[in-house]
Amino acid sequence: MPATSGEDYSEDQLLDNTTLILCRTSSTDKVSFIWNTVLLGTDLPTTKKVMKMVEAICRSFLWTGSSTVSKKASVSWEKVCLPQVAGDLNVMNLVFWNRAAVAKHLWAVAKKKDCLWIKWIHTFYIKHHTLEHMPIPKNAVRKILESRKLIGDVQSIQGNLLNRLDQLQNGNSFSIRKLYRLQFPQLPKVPWKGIVLQPRLHPRFKFILWLALQRRLATVDRLLKFGVQIDQQCALCKLASEIFDHLFFECYVTKEVWSRLGDIADLFKIGNERWNR
């Protein structure tokens, strides 16, 4: 596919740069920075091989702290990439971004910009056809024309292909970010978003809190499911088995902590309430 701007990275360079950035990264909040620095600095689409390998490296770093590829994961990568308003981490979904980047080329073809490769497409492929209904050729142009389906599937924009592309503009240019966001389903906003997304909250504490809200912390009951042999008693009170609800809500030590925090910070008192309420 023709390049429009930016530095021409090889696959090995992309993967080397990703690993280097991961090695210098100290918090989970920095995972999205990899996309912004290594991949998203240009409008160039990325091959599936590179996407899968970079995603595997970032996923492994998030859950293991190492760039060595691992299949360990407490929460699916698809959920990690969901928006923060839905209660997730908003790590860049590289597949969605790549689709939007390809769609930008469709927009460029539709606008007939004064570019040699666009003129070539119009001369040898589109000819007397309309862009919306022309058949898809079996060559490099195929991916660009296949993005018509992506544009047509977006529910929040209406009209024919050209009208839809116009609605995806930001000023006089196509907004990859806008189409990227529109690919996510309309998810309900979680009421606790403001707690997790506090800007002054340390990234490590924020991540642990998010895992707790997903019920994915390594409590004893979960470790037993994975075959880890460990004492089942609560480490705080020694009076009951350590399951999630007991550890955070039912243990008398935990209740006292919540009560004191509520008094000091003038916050709510949780008592026997569950986080999923």
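Student: How far is the sulfur of Cys58 from the closest cysteine sulfur?
Tutor: It is 9.3 Å away, and the partner is Cys81. That is too far for a bond. A disulfide here is a pair of cysteine sulfur atoms within 2.5 Å. Note that this is a predicted model: local features need pLDDT of at least 70, side-chain atom pairs count only at pLDDT 80 or more, and totals for chains, interfaces and linings use all residues. Residues are numbered from 1 along each chain as its sequence is written, and side-chain values use heavy atoms, without hydrogens and water.

Student: Is Cys58 buried or exposed?
Tutor: Cys58 is buried, at 0% relative accessible area. The cut-offs are under 20% for buried and over 50% for exposed, with partly exposed in between (1.4 Å probe, protein chains only).

Student: And Cys234, which cysteine has the closest sulfur there?
Tutor: That is Cys237. The two sulfurs are 3.7 Å apart, again too far for a bond. Cys234 is buried as well, with a relative accessible area of 0%.

Student: New topic. How many helices and strands does the protein chain have?
Tutor: There are 14 helices and two strands. These are DSSP runs numbered from the N terminus (helices H or I, at least four residues; strands E, at least two). The chain has 277 residues, and 39% of them count as buried.

Student: What share of the contacts is between residues 24 or more positions apart?
Tutor: 53%, among contacts in the protein chain with a separation of 6 or more. Contact means heavy atoms within 4.5 Å.

Student: Which residues of α7 are buried?
Tutor: Helix α7 runs over residues 141-153. Its buried residues are Val141, Ile144, Leu145, Ser147, Arg148, Leu150 and Ile151. An α-helix has 3.6 residues a turn, so residues three or four places apart point the same way.

Student: What covers the buried residues of α7?
Tutor: The cover includes α5 (94-110) and α6 (116-126). It also includes α8 (161-167) and α9 (176-182).

Student: Where does Ser60 lie?
Tutor: Ser60 is in helix α3, residues 48-64. Its relative accessible area is 0%, and it is buried.

Student: What does Ser60 touch?
Tutor: Leaving out residues up to four places away in sequence, Ser60 touches Gly65, Ser66, Thr68, Val69 and Ser70.

Student: On to rings. How many aromatic pairs does a search of the whole structure find?
Tutor: Eleven. Rings of Phe, Tyr and Trp (its six-membered ring) pair if their centres lie within 6.5 Å; planes under 30 degrees apart are stacked, over 60 edge-to-face, the rest tilted. One of the pairs is Trp107 with Phe174. That pair is tilted, at 6.1 Å centre to centre and 40 degrees between the planes.

Student: Which parts does that pair of Trp107 and Phe174 tie together?
Tutor: Trp107 sits in helix α5 and Phe174 in strand β2 (residues 173-174), so the pair links parts 67 residues apart in sequence. Trp107 and Phe174 are both buried. Phe248 and Phe249 make another tilted pair, with 6.5 Å between centres and 50 degrees between planes. Both of these Phe residues are buried too.

Student: Which residues form one aromatic cluster?
Tutor: Phe96, Trp97, Tyr180 and Phe184 do.

Student: Last one. Is Phe226 buried or exposed?
Tutor: Phe226 counts as exposed, at 58% relative accessibility. Its place is the loop between α12 (220-225) and α13 (244-250).
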